[in-house]
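The sequence and structure are shown first.

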Amino acid sequence: MTAQTQFSGGFQNAPVQAAHAFRAAMTVMAQPGEIRDLRGAQPPKPLSIAAGTLLLTLCDPETKVHLAGEFNTDGVREWLTFHTGAPISQAAVADFAVGSWAELSPLGSFRIGTAEYPDRSATLIVECDALQQAGAILSGPGIKDTARLSLPDAPALQANAALYPLGCDFFFTCGDRVAALPRSTQISVEA
Amino acid sequence: MNEYNFAYLDEQTKRMIRRAILKALAVPGYQVPFASREMPMPYGWGTGGVQVSAATLTPEDTFKVIDQGADDTTNAVSIRKFFENTAGVKTTEETEKATVIQTRHRTPEAKLRKDQIIVYQVPIPEPLRFLEPRETETRKMHSLEEYGLMHVKLYEDISQHGAISTAYAYPVKVSDRYVMDPSPIPKFDNPKLEMDAIQLFGAGREQRIYAVPPHTKVVSLDFEDYPFEATKADHPCDLCGAEDSYLDEVIMDDAGNRMFVCSDTDYCRSRREAGHVGRLAEENAA
Ligand SMILES: [Zn+2]
């Protein structure tokens, strides 16, 4: 097997793979707590397949991407630039950010939108070691009664939800699986 | 089918629309601006809905188009053909078999499932527009939750007509935050806006996308002494006998004879196929 280069690992059939990937992304954003498979990209390490696929599906020269900590490597930068043309940016102006929870924290560095344009906020792609329908209890739009999702840091995400309708939105990725948490979700943890 | 322009739009345009859809789902009822593209059909033919559908469809989808409840109008047929040709998707008239449904002026009678997506064509997305023509002002009103004027307008209706006269595009409050125009569906359809499926709204000329995720609280604006009523013609369907569906009144002859029939043609047909019989069907059989 040859070493991965910046030129490999993109979509083989972009229109169809991006359409499938978007449907998975939309499904989990519309139904917090749901977990879906998300494949198509073969990104360089440490990016997961799901995170790489999200980046190829949603990013282009019009979106600024922040690579946090160990994700900010030559390999990831070159791969992202070659396949999407997205400019790499600081956290404060990013439309998308990728990293582990520890590297993306504190959330205060990211855009939360404005009162008149709450959509102008960052979407964070959080790489996780595990992703399970267990742990924090979720309720709100998209959820029938309640759902459960393993969250990296419930108090910080509760604080984000308290900013509603402002706030960041999150994808949680683990291998080739994805879940999401929009700012509209109420979070509680069992005592 | 040119795979490089799957569903007509180029990939960069679809990415832009997809990003707008995700933000719309994250803030239910809020209108996300997007850069609407020229489509090969005139505004008023659902270019906003068409762009949202184009960004949503996959080759495996089964697509249905409803226009005022019917699948066979010129508008519905041409949108269905457009996606058969540009996305190679299967199409259907059966609500149950569709995975993506684009609609103008109605929500289907059948209960939609969580694996279905409904895309509404929206002419005027801003529910406050008739009170305030300036976009900068309506944005401010939404940001401050300043919806008093909307209630005043509805209340003026009551004092003038004894009831709220708004019959279509009846405003709703989504998830206790944003007042939203549900598009020109009859207010009879408003209670169905709390559903299991994902609801997306696209306005082409006005360049707005908004959304209601499944199981989201959607409340029609009303008053304690004048509660919201999802009214329809007080009559069963003359073809299938349904008493729970929205009806169109059809004039039958010069003598002014009329009949009431389900506006949702698929609902009516499936009921008749199941053996339900309405008044006129009974007379014909007799
Ligand atoms: Zn009928």
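## Lys111(B) and its partner

Lys111(B) is exposed, with a relative accessible area of 67%. The model is predicted, and Lys111(B) is discussed here together with its salt-bridge partner, Asp196(B). The closest N and O atoms of the two residues are 3.3 Å apart. Lys111(B) belongs to the loop between strand 4 and strand 5 (117-121) of chain B, and Asp196(B) to the loop between strand 7 (178-180) and strand 8. The pair thus links distant parts of the chain, 85 residues apart. Asp196(B) counts as partly exposed, at 22% relative accessibility.

## Further salt bridges within chain B

A second pair consists of Arg104(B) and Asp67(B), whose side chains meet in a salt bridge at 2.4 Å, N to O. This pair also links distant parts of the chain, with Arg104(B) in strand 4 (residues 100-104) and Asp67(B) in strand 2 (residues 62-67), 37 residues apart. Arg104(B) is partly exposed, with a relative accessible area of 21%, whereas Asp67(B) counts as buried at 6% relative accessibility.

Lys217(B) is partly exposed, with a relative accessible area of 42%, while Asp176(B) counts as exposed at 51% relative accessibility. Over all chains, a search of the whole structure finds 36 salt bridges.

## Overall form of chain B

Chain B contains seven helices and twelve strands. Its radius of gyration is 20 Å, close to the 19 Å that the globule rule gives for 286 residues, so chain B is as compact as a globular protein of that length. The C-alpha trace of chain B spans about 60 × 55 × 35 Å along its principal axes.

Of the 286 residues in chain B, 56% are buried. Among contacts in chain B between residues at least 6 apart in sequence, 63% join residues at least 24 apart.

## Interface with chain A

The contact between the two chains takes 41 residues from chain B and 45 residues from chain A. The buried area is about 3,500 Å², and carbon and sulfur atoms give 61% of this area. Arg19(B), Leu22(B) and Lys23(B) supply 19% of the area that chain B buries against chain A, more than any other three residues.

Between chain B and chain A there are 15 residue pairs in polar contact, with both residues at pLDDT 80 or more. Several elements of chain B each supply at least two residues of the side that touches chain A, including helix 2 (47-56), helix 4 (135-143) and strand 8 (198-203). The largest share of that side, eleven residues, comes from helix 1 of chain B. By class, the side of chain B that touches chain A has 22 nonpolar, seven polar and twelve charged residues.

## Charged pairs across the interface

Six salt bridges are found across the interface of chain B and chain A. One of them joins the side chains of Arg15(B) and Asp60(A) at 2.9 Å, N to O. Salt bridges that share partners join Asp60(A), Glu62(A), Arg15(B) and Arg19(B) into one network.

Key:
Residues numbered from 1 in each chain as written. Chains lettered and ligands numbered in written order. Predicted model: local features only at pLDDT ≥ 70, side-chain atom pairs only at ≥ 80, totals over all residues. Heavy atoms only, no water. Contact = heavy atoms within 4.5 Å. Buried area = accessible area lost by both parts, 1.4 Å probe. Salt bridge = Lys/Arg side-chain N within 4 Å of Asp/Glu carboxyl O. Polar contact = N/O pair within 3.5 Å; in protein donor to acceptor, adjacent residues only side chain to side chain. Helix = DSSP H or I, 4+ residues; strand = E, 2+ residues; numbered from the N terminus. Nonpolar A, V, L, I, M, F, W, Y, C, P; charged D, E, K, R; others polar. Rg over C-alpha atoms; globule rule 2.2 N^0.38 Å. Buried < 20%, exposed > 50% of the residue type's maximum accessible area, 1.4 Å probe, protein only.
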